[in-house]
Amino acid sequence: MRILLVEDDPDLSRQLKLALADAGYAVDHAPDGEEAQYLGESEPYDAIILDLGLPKVDGVSVLERWRRDNMATPVLILTARAAWSEKVAGFDAGADDYLTKPFHTEELLARLRALLRRSAGHAAPNLSCGGLRLDPRAARASVNGEPLRLTSLEYRLLHYLMMHQGRVISRTELVEHLYDQDFDRDSNTIEVFIGRVRKKIGAERIETVRGLGYRLACPPEEAREGGEAAGA
């Protein structure tokens, strides 16, 4: 999952980038509204964390422009402006959530997980595909109760596939959502990571749709099992 962090405070930016990376996200950073505007319009993000008090262009103006252009990416506003009228202005501009500085990093991460769940149509905090389980809070996954040892990129790949299970996802889409802007991207490496993850979760769980991409699919009996476990 790929996140855009828009924050002009260098110390806070470094702190949040580290926390987001540790939580399993690919992170791009924009220090001002102008760059945020450009990145938001040109790159596919799963969610955006947006400060309001930005140099060059303020955060509300950036958000209003994104929404006028029909950009549906969920946006969490992060700001020192605590007045209720500022919050209303942010929501009316198109924000999905609001967090006032100072804040606890764990709360920001929890709100971000909730935004991502809702945008992908998931209600439960954990993701499941039969015996395959993923806990975004702990950035851990397991198969039939056995913990999986995953590298950061393998975890990102599995997380994205599980967020969009049942849908065919192209290699290009995976590249765009697994790597940050500065990473030396190569779509051919996706096949390598798919192969590694298949070995760890079971090759039958990730289908290759020739000419289109990959799909995480649950056998019918596993899908029922996963639904019963989620509702228990």
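Helices here are DSSP runs of H or I with at least four residues, strands are E runs of at least two, and both are numbered from the N terminus. The model is predicted, so local features need pLDDT of at least 70 and side-chain atom pairs count only at pLDDT 80 or more, while totals for chains, interfaces and linings use all residues. Residues are numbered from 1 along each chain as its sequence is written, and side-chain values use heavy atoms, with hydrogens and water left out.

E107 and R111 form a salt bridge, with the closest N and O atoms 3.0 Å apart. The criterion is a side-chain nitrogen of Lys or Arg within 4 Å of a carboxyl oxygen of Asp or Glu. E107 is partly exposed at 32% relative accessibility, and R111 is partly exposed too, at 26%. For these labels, buried is under 20% relative accessible area, exposed is over 50%, and partly exposed is in between, using a 1.4 Å probe and protein chains only.

By the salt-bridge rule, the count is 17. One of them joins R2 and D28, with the closest N and O atoms 2.6 Å apart. R2 is in strand 1 (residues 2-6) and D28 in strand 2 (residues 26-30), so this pair ties together parts that are 26 residues apart in sequence. Are these two residues buried or exposed? R2 is buried, with a relative accessible area of 0%, and D28 is buried at 3%.

R2 also has a salt bridge to E43, at 3.1 Å from N to O. E43 is in the loop between helix 2 (33-42) and strand 3 (47-51), 41 residues from R2, and the pair links distant parts of the chain.

Five strands make an open sheet in the order 2-1-3-4-5, with parallel pairing. Two strands count as paired if DSSP finds at least two bridges between them. Which strands stand at the edges? Strand 2 and strand 5 (97-100) do; each has a single partner strand, so one side of each is left without a neighbour in the sheet. On average, neighbouring strands are turned by 20° against each other, direction ignored. Axes are lines fitted to C-alpha atoms, for helices over the stretch in contact, and angles run from 0 to 180 degrees between N-to-C directions.

Inside the sheet, strand 3 and strand 4 (residues 75-79) pair in the parallel sense over four bridges. The bridge partner of D51 in strand 4 is L78. Helix 1 (residues 10-22) packs on the sheet, touching strands 1, 2, 3 and 4, and its direction makes about 165° with that of strand 2.

Last, K101, in the loop between strand 5 and helix 5. K101 is partly exposed at 23% relative accessibility. Leaving aside neighbours within four places in sequence, K101 is in contact (heavy atoms within 4.5 Å) with E7, L12, D51, L78, T79 and A80. K101 and D51 are 50 residues apart in sequence and 9.9 Å apart in space, C-alpha to C-alpha. The side chains of K101 and E7 make a polar contact at 3.0 Å. That term means a pair of N or O atoms within 3.5 Å; within protein, one must be able to donate a hydrogen and the other to accept it, and residues adjacent in sequence count only if both atoms are side-chain atoms.
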